[in-house]
Amino acid sequence: MNTNTLLTSTSAPTRTILDPATGETVGEAPVHTVEDLQRAIDEATAAQPAWAALGHEARSAALLKAADAVEANAEELARLLSREQGKPLNGPNARFEVGACAAWLRAAAETPLEVETVVDDGETRAELHYRPIGVVGAIGPWNWPMMITVWQIAPALRMGNAVVVKPSEYTPLSVLALVETINTALPENLVPVVSGGRDVGEALASHPAIGKVMFTGSTATGKAIIRSSADTVKRLTLELGGNDAGIVLPDADPKAIAEGLFWGAFINTGQTCAALKRLYVHEDIYDAVCDELTNVAQAMPMGVGLDENNVLGPLQNRQQYDIVARLVDAAKDSGARVLIGGNPETGQAGNFYPTTLVADIDNDNPLVAEEQFGPALPIIRYSTIDEAVEKANALEVGLGASVWSSDLTAAREVASRIQAGTVWINKHGAVDPRVPFGGAKQSGYGLEFGVEGLKALGVPQIING
């Protein structure tokens, strides 16, 4: 794969994409228009029926070849991702993300989806089948641009759909390169990429030829997509904002859980929807957890992603940097105790905000109540389990949560009281292509992954008789 050829082979106007770690030019991204989107939808619509007619076995074989192609180009894709998004090559970052793309392609291909016999009593036989939707619109984010694009397109393709992909304006090059790679195993025009601005995203979400929209991003944008989908009654899968809570029970071992807590919060430098974003720790072990987390944080190097030593990188864009800085400043102004970080260097290249832990903070502080989406974790002290659960459930979002304990029975009992789509025990944010994933409350609706994720990309049809 030659990504340079890909990035310059379009006749569309281009926009310069800069490395968020260095400010250097990564490449030129095409700036497509609504007219380009219409052509892409027309082409995908024409390509879809033949793809659907191939059946599950042939479509799955193509997805497996696509996974092979991703693995064959893995290092080149990871290096492009690191330069454009900022995440380091190592740790749970760029190479990890590209590997996940191949894993999710294979999972979508290999997950069985059987016809379900609903009733068969000798008089009535009813079967549940799933038919292709047609053309799916996939609108992706900038934090995990490659992986989440695969989460959207792999099950859609397996179920017989075409997909029109709209990447984030911040990370279009990664998605263009990934889809070019995947398309080597697919029929022409089945998965076009339209790299445009907000107008293109809005047109895609409201277009009458799009039967379903899959979107990962902010709750505000998700609400706009819901409104724009109403006139055409589109199906939707929305993975929206989170502000995930973690609850550490008093019997937990602070040293044993510290690294898991750290990566639950700071994976991708905190730029993850289902990252741990507010941590509630029982007063009996509060100081010990703070100390152990600080020890782990001090040992994690941050810097330019192409440096093999780093495991934390910059914020992907300056707008997100400013949000993190504002929230940490609000915490400091309130008198909260900064354990580490909170003091970004001025005048440095790149959007680097230091790894920051904030203790002795009120639950209504903006750093707790708002989603920071960056490398800053507030740690809140609690006295009773009821208090911790009430605080964890107080916000309008509920993507994920976690409970940390040496007693699995106690942890599961607390987990059952938390209002979130997924509650992990002694880990946070560990998604699995076999396990359904989706949000509660204003963190969105619809399930991804596994059999339920495949069903969400089909139209259920009952054959009765």
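The legends below describe close-up views of a predicted model. Local features were taken at pLDDT of at least 70 and side-chain atom pairs at pLDDT 80 or more, while totals for chains, interfaces and linings use all residues. Residues are numbered from 1 along each chain as its sequence is written, and side-chain values use heavy atoms, with hydrogens and water left out.

View 1. The largest pocket holds about 1400 Å³ of space; on a 1 Å grid over the protein atoms alone, a pocket is an open set of points with protein on both sides within 12 Å along at least five of seven lines, and lining residues have an atom within 4 Å of a point. Its volume is the space filled by probe spheres set on the points, which are joined across faces, edges and corners. The lining comprises 43 residues, of which Trp142, Phe215, Gly217, Ser218 and Thr221 are the closest to the centre of the pocket. Two or more lining residues come from each of α8 (198-206), β7 (212-216), α9 (219-229) and α12 (318-333), where helices (H or I, at least four residues) and strands (E, at least two) are DSSP runs numbered from the N terminus. Helix α9 gives the largest share, six residues. By residue class, the lining has 18 nonpolar, 17 polar and eight charged members; Ala, Val, Leu, Ile, Met, Phe, Trp, Tyr, Cys and Pro count as nonpolar, Asp, Glu, Lys and Arg as charged, and the others, Gly among them, as polar.

**View 2. The largest cavity.** A cavity is a set of grid points where a 1.4 Å probe fits but cannot get out, and three cavities of 30 Å³ or more are found. The largest cavity holds about 100 Å³ of space, and the residues that line it include Trp104, Trp151, Pro433 and Phe449. Helices α5 (94-110), α6 (145-158) and α16 (450-455) each give two or more residues to this lining, which divides into eight nonpolar, three polar and no charged residues.

View 3. The whole structure contains 19 salt bridges, each a side-chain nitrogen of Lys or Arg within 4 Å of a carboxyl oxygen of Asp or Glu. Glutamate 292 pairs with lysine 255, their closest N and O atoms being 4.0 Å apart; because glutamate 292 lies in helix α11 (residues 286-298) and lysine 255 in helix α10 (residues 254-266), the pair ties together parts that are 37 residues apart in sequence. Lysine 332 and aspartate 329 form a salt bridge at 3.8 Å, N to O, and both lie in helix α12, three residues apart, about one turn of the helix. Lysine 332 is partly exposed at 35% relative accessible area, as is aspartate 329 at 36%, whereas lysine 255 is exposed at 61% (buried is under 20%, exposed over 50%, partly exposed in between; 1.4 Å probe, protein chains only).

**View 4. The surroundings of glutamine 372.** Glutamine 372 lies in the loop between α13 (366-369) and β13 (376-382) and is buried, with a relative accessible area of 2%. A polar atom of its side chain lies 2.6 Å from the backbone oxygen of alanine 376. Leaving aside residues up to four places away in sequence, glutamine 372 touches several residues, among them Asn243, Lys277, Gln320 and Pro378, contact meaning heavy atoms within 4.5 Å.

Technical notes. Polar contact = N/O pair within 3.5 Å; in protein donor to acceptor, adjacent residues only side chain to side chain.
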